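Open the model in your viewer and keep the selection panel handy. The tour goes stop by stop.

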Amino acid sequence: MGLSLTEKSFLYDSLTLDPPLRPDGRGPHQFRPLEVSTDFLPNSNGSSRVILSGGSECIVSVKTKVVDHTVEQELLVADVDIQGHRDDSPLVTSMSSLLSKLLKQTIDQKKLMLTKRYSFKLYIDVLVLASKSYPISMISFAIFSALKNTWLPKLISNDDDLEVEELPTFHDYDMVKLEADAPLLFTFAIVGDGVFVDPTFEESIVSNNGLLITWYKDKVTSPIRSVGLNNDNIKGFSQHHLEQAFKLIRQYAPHIEKALDASD
Amino acid sequence: MSRFEIYSPEGLRVDGRRWNELRSFNCSINTHPNAADGSSYLEQGNNKIITLVAGPQEPSSRSQVNTKQATLSVTINLTKFAKMERSKSSHKNERRTLEWQASLVRTFEKNLMLHLYPRTSIDVQVHALQLDGGILGAMLNGITLALIDAGIAMYDFVSGVSVGLYDTTPLLDLNSLEENAMSSVTIGTIGKSEKLSLLMVEDKVPLDRLESVMAIGIAGTHRIRDLMDKELRKHGKTRVENSSN
Amino acid sequence: MATVQQLRRKRISDGLTVTQKVFVRSRNGSAQKVVREHYLRKDIPCLSRICDICPNIIVPNAAGELPKFVLSETPQELQGLGKHYVVVDANIIIQSIDLLENPNCFFDVIVPQIVLDEVRNKSYPIYTRIRALCRDSEDDVKRFVVFHNEFSEYTFIDRTGNESINDRNDRAIRKTVEWYTNHLKGKGINIVFVTNDRLNRQAALKDSLVAKSLAEYVDMLPNSEEIKDLIPNLAPISGMSSKMLEDDPEGHGAAKAEFSFPEYYSTSRIMGGLKNGSLYQGSIQISEYNFLEGTVSLPTFKKPVLVLGQKNLNRAFNGDLVVVELLPQSEWKAPSTVTMDSEHFNVNDNPDNDGEDDEGEPSGVLDDSGAIMSDKDRRLLAQSAILAQKSNKVQPTARVVGITRRSWRQYVGQITPTSVDPQSSGTQNVFVILMDKCLPKIRIRTRLAKQLLNKRIVISVDCWPENYRYPLGHFVRDLGDIESAQAETEALLLEHDVEYRPFSKKVLDCLPKEGHDWKAPEDLTDPEAIRNDPLLPSRKDFRDKLICSIDPPGCVDIDDALHAKQLPNGNWEVGVHIADVTHFVKPGTALDAEGASRGTSVYLVDKRIDMLPMLLGTDLCSLKPYVDRFAFSVVWELDNDANIVGVDFTKSVIRSREAFSYEKAQNRIDDETAKDELTLGMRALLQLSKKLKQKRLDAGALNLASPEVKVHMDSETSDPNEVEIKKLLDTNSLVEEFMLLANISVARKIYEAFPQTAMLRRHAAPPSTNFELLNEMLQVRKGMSISLESSKALADSLDRCEDPNDSYLNTLIRIMSTRCMMAAQYFHAGAFSYADFRHYGLAVDIYTHFTSPIRRYCDVVAHRQLAGAIGYEALDLSHRDKQKMEMICRNINKKHRNAQFAGRASIEYYVGQVMRNNESTETGYVIKVFNNGIAVLVPKFGVEGLIRLENLTENPQSAEFIEDQFSLRFVDKNGVSKEVSVFDKVEVQLKSVLDPATSKRKAQLLLK
C-alpha cells in the first residue's frame, strides 16, 4: 500500500508545520491507543498481549525450565515469530538477536538463580500477529508487561548443592513473582525538524529517518540507533533531533512504564 | 500405569466429564477487524486458537492464479509455547503439520464456493496459543468461524471434534491427558448432516468399534455447530444494533 | 510471597461448571506449571438407598447402565453413633485395608474420590483392593461406594491462601462428610468420619461433625474384642493416634535416642544423586543364607553390590526397591562366608525394649561420615568399584539411603514363645518370626499372645520407624496349629500369593447351564446345535481317529491326547489334540478374568488349586476317554525321520479311546502280543518321538535336572509316608516331545498372524557370571569345566562332567547348573526382537505354551490367537493390544514363579513330615562351604540343609576355612581331623527337628 506523491508531500508539510499536525491529531509525544492484557495463557508463567489501534498485535509468552547453569550459561532466550516473515528473514533474526542481547544485559540473572547449581532459564516467545509499522516498540512493551506478570515456581529444597547434589524440588502450588525490569524501546520518526514518537505506517513513509532509543531503569541507555523506516528519502539527522527525542522520553517514559506495570 | 482413573467405574473422566460431554466451548468472531478480513478466537477446553483469514485478495504470486476458482491455503502455527512444556522447534515444517494443512485445505475446498472468487487467493492462518488435545477438530471450528466472518460463501458449517476409545467406551472431545492414554479419531462433519468432511485416524482403532465412535463424534459435532451458530447470531445481532444506532 | 490464583468458575450448561486446576509438577528437578480443566457437576448421587433426591438426578453411563444405590437404608446401629455410614481417609485405607475387608466390621463405607486418588498414588495394589470392595458391593455385604467429591459442585473446594495441599485435601474430606451429614439429616442416618489424624478430627469436631479414630471406632463395635488386634501398629511418635499413645504403658517411643537407624535421604537429594550417578537404585535381594547380607544388582556394575549389616541395610526388606550409596573403599568387603538367619539372631531380644543396643555392632559406624563426600568423589569411588569387581576378593559395599518402593504384603509367621510374657493377660508386644527367612522378625501388639502361641498366623507390616530395631506390624488372622496340614498348606499358599478361595458366584455363573450333563453335539450339521453355536460347522469331526491320552496316574484334568496313523504314502499323520478350553472361557467374562488373574493351577503334594472351576478342568474340557469332547487339534504329516511335511490347525470333536498312565502306556507298547491299531499308533508315536528328541539334543537342547521327588501318601490316613525320586519312562518323553512340537508349530503360526502381540515364551542364555563360581569350584575340585559358548557346548560339557567313581556327580552338576540358568518367561512378540525370542534350553528360535489350557493361562491366550490366526473366530481386542498383553505376561510370569515355589515348598514340608517318622542315614553331597558351616544336598529326599560348625566340631575355633579350595578343615567330635570340600560325598544323619525358637520344622543334618 503506497502513498501518492501528493499525499506524501501533504503529509510531510503538515508534520513540519509549527506546531506540527499529525494525521490522527496526536501530539509528537503521544502514542496511539494501546490495549494491554496479561495472564491470559495459564500454560505459561507469564503472558501478555498488546494491540495497537491500527490492528498491530503482539503476543508474548514467558516460560521457564530448570537448567544446570554450570553447563548451560544461556539463561535468557528471546524468540521472535513475525507473521508473514520467514524465521530466517533478516527482520526476524535481527529482532531476535537484538532482544536477546538487550535482555541479557538488563535482566539480573542472579534473580533466576535457584541453587548453586540450578537456575531458571527464561524463554520469551514473541508472536507478532500483525504489524503495520516497525514492531520493536510494541514487542518491548509486551515483553515488559509479560515479565512484570511472570510467576515462577517456589523452591522448597536446599539451595546449597555444590558438593552434594540435590535435584531442586518445588512447592506444588505457590509461585514467586519474578522481579525483573525489562527495557522499553521507543521508535521516533524524524520529519524535518521534528521527532514523532510511535510513528504510523504513513508517517514512517515520509520520515527522513528513524530513531530507536532504549529506556531502562529511569535512564536512556544503549542501544540508541538510527533505523531506516522507509527505503527512500533517508537523510541525516542532527544532535538536536536526538536531544528532542531524549527529552520526550525522559518526560513520558515513566508514565508509560507505570501504565504497563499496572496493567494486570 | 496412569496416575489417574481415565474413566472411573462411576462413569467419570479425569476432568469430571461424562463420556458424551463436550468441553467448555467459547468462540467469538471478528476479533481482529483491523488485522484481517475475517478472524475468530476459539477456546475448546484449554485449546486457544486465533484464526485469521486474508482474502479473497489478489494472489501474491502469479503462480497462484487460478482462473476457475480461488486458491485456498492454510498455514498452521503451533507456537513454541502452546504446549505445557516449551517445544524447541517451531512445528512449521513438521510432517504432521503439513499433513494437517493439506487435509484442512481439502476439507474446506469442498465446502467453500471457491468458484465465486476466481483469480484470487484466500489465505488462512491458524495460531494455536495453547494446546490441550483434539487440536485438529478445534482448528476446523476456528477456520469455519473466521471464513464466515470474512464473508466467504460456504455451503454449511464444518464442525470438528475428537473421539477416543478407552477399552470399549467411546469418550467425546479428549483433552491431552486422555489423548495420550488411548487411541483417538478426529471427525469433521458438514452442518447437521451425517456427512463426514474429515476423518483422521492417527492410531489403531479396532474397526468393529469405529461405528460407535463415529456416532458419538457426529452427535458432538452437531452440538458444536449449534454453539457456533448461536455465537454467530448473537454477533450479528449486536452488529445490526450498533450500526442502526 | 504466596499467591492464590483465584480460580474462575464458569457455568457451561445446566449442572456443569468448569474451573481450572493449576499446580507445579516438580519431577526430576523440573518445575512444570500444569493447567488442567476441571468440571463440577450436580448429578453425583449419594448412592444411599434411603435417599429420595438422588434417584432423580442420575444419568446412565456409556453402556446405558444407571448407577446402583448401594448404601443400606438400615445400616449398622451403634451405641453413641446410631445408624451410620462411615467415611474413611487415605491412611485408614492404606494401613488397615485388611480391616476394611473384614466381613464382620465396616459396612456402608463412603470413600471420597480425593482419598481414592491418594491411595492410588501411594499404593496401587491397595487401590485395586479398595476398588474391588466397591465393585463387589452389589452383593450387599460390605456396601462400599466411591463418592466423587472433587467433581461435585456441592463438595468441591478451592484451595485457600497458604493452605498446604494436605490440609486442603483434609478439608475436602470434611466437606464431603458435612455434605452427607446434611444430605441425610432427615433420614436418621449419621455420618462418622474415621481418621487417625488428630488435627483433622479436631477440625471436624469444630464443624460439629462426628469423627473418631480407628481405635475409638473399633471400640464401639459389638465385636470389638475380636477386631481390636487387627488394628495396625503404628509408631506412637507419628502422632497418628493419641489413643495409642495412651494405651502405651511401657511408654516406648519416649527415651529412644540410643538406637537409631540412619535417616533416609530427602527426595531431592535422592533424585539429584540418581541423576548425577552418585546414588543408585535397584531391587535388593537378601541372601537366603544370611539375612544381614543383601545384594543390589545395578546396571552400572557387572556384579551385584553388597549391602552388609543391619545399619547398612537400613530397614530394607527383601525385594524392596532401594536407593544405595557406595561406602568408602576402606569398608569394601568380600561377600560373607558366614551364615546367619533371623531366627537365631538376638533370640532373646525383648520386644518391649526395642531401643537398647545390645547387638555389639558399634553404632557409630555409619555416623562417622561427618566429612561430607562430594558427588564428584562419589563418582570416582564408583570407578574404583567397577575395577574392584573385576578382581574377585574385595567387593564394593553400599548402604541403603532410601526406599523407593516397599515390597510389603501379608506375611505368615509365628510368635516366638520367648517373647511372650505368660503372666501378662493384657496387651503385649511380641515378636513374630516370618516363614520367609530373608525377613526380620516383626513386632506386633496383641492381647492374644498366649492363645496364638504355636499357631501359624498372618500378620501385616505397618511401618518401621528409624528408632525401632524391628518393624511394627499387626495381627491379621490365625491359620491354625503349627504342623497341622491345613494351616501349613494355607500358610504356604498365602506366602506364595496363590489365590485359593473358592470361585465366586459370578465366575461360576459363566459355566454352561447344563453342568455335568453338557454334551458335544452328536451331529455337527444339526441345525439346532448350530443355532446354539454358529461356529460348529467349522469344527472337524475327528471322532473316527484312534486317539488316546497318556498322563500321570490319577490325572483328572486331561489337557492333551494324541493319535498317529500311517498315510498311504508311508508318511505319518500325527495329531495332538488339546482341550478346547476357550470354547467355554470367553474373553471379557468373569470366568476369564479369574483365570487370567490366577494364571496357573498350583500343584501341591496333597492339593491342587485350580485355575478354572472343576466342572471345566476335570469334566467338560478334560479329554476323558469314551466321551465326545471339543478339542483344538494340531495335525502334522511327518515323514519317517520325523521331519514336518505339513501342518494343519483346526478346532475339532474327538473321542479318546483310552486314558493311559505313563506306566500302562509303556506296558501296552512293550507288550509284543498287542497288535491292534491303537497300539501300533502308539508305537509309531514312540519311534517318532525318539527321533524328535535326538534332533533336539543335536541342536543343543539342554537336559538339566532338578531334584524332583514325589511324596507318597498313605491312602488311609493321608499321612505322607514315603518319598521317591520321580522315575522317567519313555512314554513321559513321548508325550513331551509331541507337546514341544505342537507348541513350536503354534508359536510360528500365531507369530505370523500377530507379529506384535503373539503370546510367546523365551529363555535367555545365561550370562557367564552366573556360572563363575560353579566353574571355579569344578576347576579346583574336579578339574572339569562347563562351557558357555552355546547351548550345544553347554550340553556337551555337561555330558563330560562324569566321575567314574560317582555316577551321581553328573546329576549333581546338572542340578547346580540349573540354578545358574535364567528363568524362562512369557512375553508378547512386540516386546523383543525376533533374535531374542530364542528358547535357550530347548534350542529353538520360537516357542509358546499351547498344550495345557486347563492349567495355564498362557495357553488360553495362545488358543484364542490360534483361533484368530486360522480364521475360526475374531481375536478379542485384549489380545491384540500390546499394553494389555504386557499386563497379562507380567502377571502370568509372576504366578508361574509363585506356583513353582509353592509346589517346592509343599514338597519340602511333606518331606519334613516323612523324615519326622524315619530318622535315617543318607548319602549327601556338599554343595557350598562357608566359614562356619557347609550346605549339603540329600538326593534321596531332595532336601538341602546346613550343617553349622558347632555341630561339626567341639572346638569351632580350631576350624580352618580354605577359601580358594572350597574346603573346611576341622576336628570332628571324635577328635579326628577332617576336611570337607565342595562336591564331596558325605554320609549324613538326617532327622527332622522342630526349632524351639521358631516352631519351624526343618531337616537337620549331622555329619556321620
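Which residues of chain A does the UniProt annotation "domain: Exoribonuclease phosphorolytic" cover? Select residues 30-152 of chain A: the annotation, from an unreviewed entry, covers this stretch. Remember throughout that the model is predicted.

**Stop 1: the annotated stretch**

Keep residues 30-152 of chain A selected and colour by secondary structure. The stretch is 24% helix and 37% strand. Now pick its end C-alpha atoms; they are 35 Å apart.

**Stop 2: two domains in chain A**

Next, colour chain A by its domain assignment. Domain 1 is made of 1-30 + 183-263, and domain 2 is 34-165.

Domain 1 of chain A puts in 18 residues and domain 2 of chain A puts in 15 residues. Stay on the domain 1 side. Step through β8 (184-191), α4 (201-206), β10 (209-216), β11 (219-227) and α5 (239-261) of chain A; these are the elements giving two or more residues to the side that touches domain 2. Which of them has the largest share of this side? Highlight β8(A), with 4 residues. Then colour the domain 1 side by class: you get 12 nonpolar, 4 polar and 2 charged residues.

**Stop 3: chain C against chain B**

Move on to chains C and B. Their contact takes 23 residues from chain C and 21 residues from chain B. On the chain C side, select β1 (10-13), β3 (32-41) and α3 (124-135), which each supply at least two residues. The largest share of this side comes from β3(C), with 9 residues. Colour the chain C side by class. It divides into 13 nonpolar, 5 polar and 5 charged residues.

**Stop 4: chain C against chain A**

Finally, turn to the contact of chain C with chain A. How many residues does each chain give? Chain C gives 28 residues and chain A gives 26 residues. On the chain C side, select β2 (16-25), β3 and α9 (267-276) of chain C, the elements that contribute two or more residues. Zoom in on α9(C), which gives the most to this side, with 8 residues. Colour by class once again: the side of chain C that touches chain A has 10 nonpolar, 13 polar and 5 charged residues.

Definitions and conventions. Residues numbered from 1 in each chain as written. Chains lettered and ligands numbered in written order. Predicted model: local features only at pLDDT ≥ 70, side-chain atom pairs only at ≥ 80, totals over all residues. UniProt positions renumbered as here; feature names shortened; annotations may be inferred. Contact = placed C-beta atoms within 7 Å. Nonpolar A, V, L, I, M, F, W, Y, C, P; charged D, E, K, R; others polar. Domains from an automatic or database assignment.
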